[in-house]
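Welcome, and thank you for joining this short tour. Please have your viewer ready, and we will go from one selection to the next.

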Amino acid sequence: MLNRFSYVQKNKLLLPVFGVGLLLCWFLAFNKTFEAIKLNNKLSEESKLGSDISFNPSYVQRKLTALDKILKGYKVTEDWNDKLWIQSSAIAAKQNVGVDFVLNKVTAEADSTSAGRTQALYFYSNYVQLVKLVDTLESLNGIGKISALQVKAPKVDPTDEKSKKCVLRLDFKAL
């Protein structure tokens with residue numbers, strides 16, 4: 001088709017083809033890049049203006065709400081040991097998991113480095129049931145939060161029934 005055009009006609013078509021090529025490049029590549037540069041400049045300006053978010057009241061309110069929610073998870077009543085034992089043993093019984101409770105004695109002098117109270121529970125079962133139990137206990141309110149978790153594999157001891165099961169130690173922390 002181009003062979004039918006003369007050299008002068010081809011030169012006259014060169015400028016419109018070049019214009020169409022530039023428009024095609026603009027819509028396919030350069031337009032999105034230009035918009036991205038504008039957006040980057042706009043966001044950079046906004047971040048410079050609002051870089052100190054500590055004075056932003058909405059941020060401070062969201063932060064306080066989040067901190068209150070975290071602290072409520074640790075708040076417990078005076079009968080915390082009883083409630084922890086009752087709720088955890090009920091859930092363990094539903095999931096066919098054995099449980100041991102060792103009451104932590106409060107020492108005469110309080111440790112100044114640790115805040116709150118801790119309590120350890122021991123659970124005995126297979127691994128899958130123990131993971132389900134941890135997930136369930138994490139979602140409960142009023143029993144504190146899990147501060148430490150330790151899983152031990154079963155030992156080979158034919159005389160002890162508990163040694164054939166995985167042992168899960170959960171430490172709960174409360175304020």
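On this tour, two residues are in contact when they have heavy atoms within 4.5 Å. One thing to keep in mind as you look around: this is a predicted model.

**First stop: a pair of helices.** Select residues 80–94, which form helix α3, and residues 127–138, which form helix α4. The axes of these two helices come within 10 Å and cross at roughly 145 degrees. The crossing of α3 past α4 is right-handed. Which residues meet here? Show the side chains and look for S88, I91 and A92 in α3, which meet L133, T136 and L137 in α4.

Pick out W26, which you will find in helix α1, residues 7–49. Is W26 buried, partly exposed or exposed? Its relative accessible area is 35%, so W26 is partly exposed. Patch residues need over 30% relative accessible area, and W26 has 35%.

**Last stop: a salt bridge.** Finally, select R169 and D171. These two form a salt bridge, and their closest N and O atoms are 3.1 Å apart. The count of salt bridges in this model comes to 1. D171 has a relative accessible area of 15%, so D171 is buried, whereas R169, at 29%, is partly exposed. The cut-off behind those words is that buried means under 20% relative accessible area.

Notes. Residues are numbered from 1 along each chain as its sequence is written. This is a predicted model: local features need pLDDT of at least 70, side-chain atom pairs count only at pLDDT 80 or more; totals for chains, interfaces and linings use all residues. Side-chain values use heavy atoms; hydrogens and water are left out. Helices (H or I, at least four residues) and strands (E, at least two) are DSSP runs, numbered from the N terminus. Buried means under 20% relative accessible area, exposed over 50%, partly exposed in between (1.4 Å probe, protein chains only). Axes are lines fitted to C-alpha atoms, for helices over the stretch in contact, and angles run from 0 to 180 degrees between N-to-C directions. A crossing is left-handed if the near helix is turned anticlockwise from the far one by less than a right angle, and right-handed if clockwise. A salt bridge is a side-chain nitrogen of Lys or Arg within 4 Å of a carboxyl oxygen of Asp or Glu.
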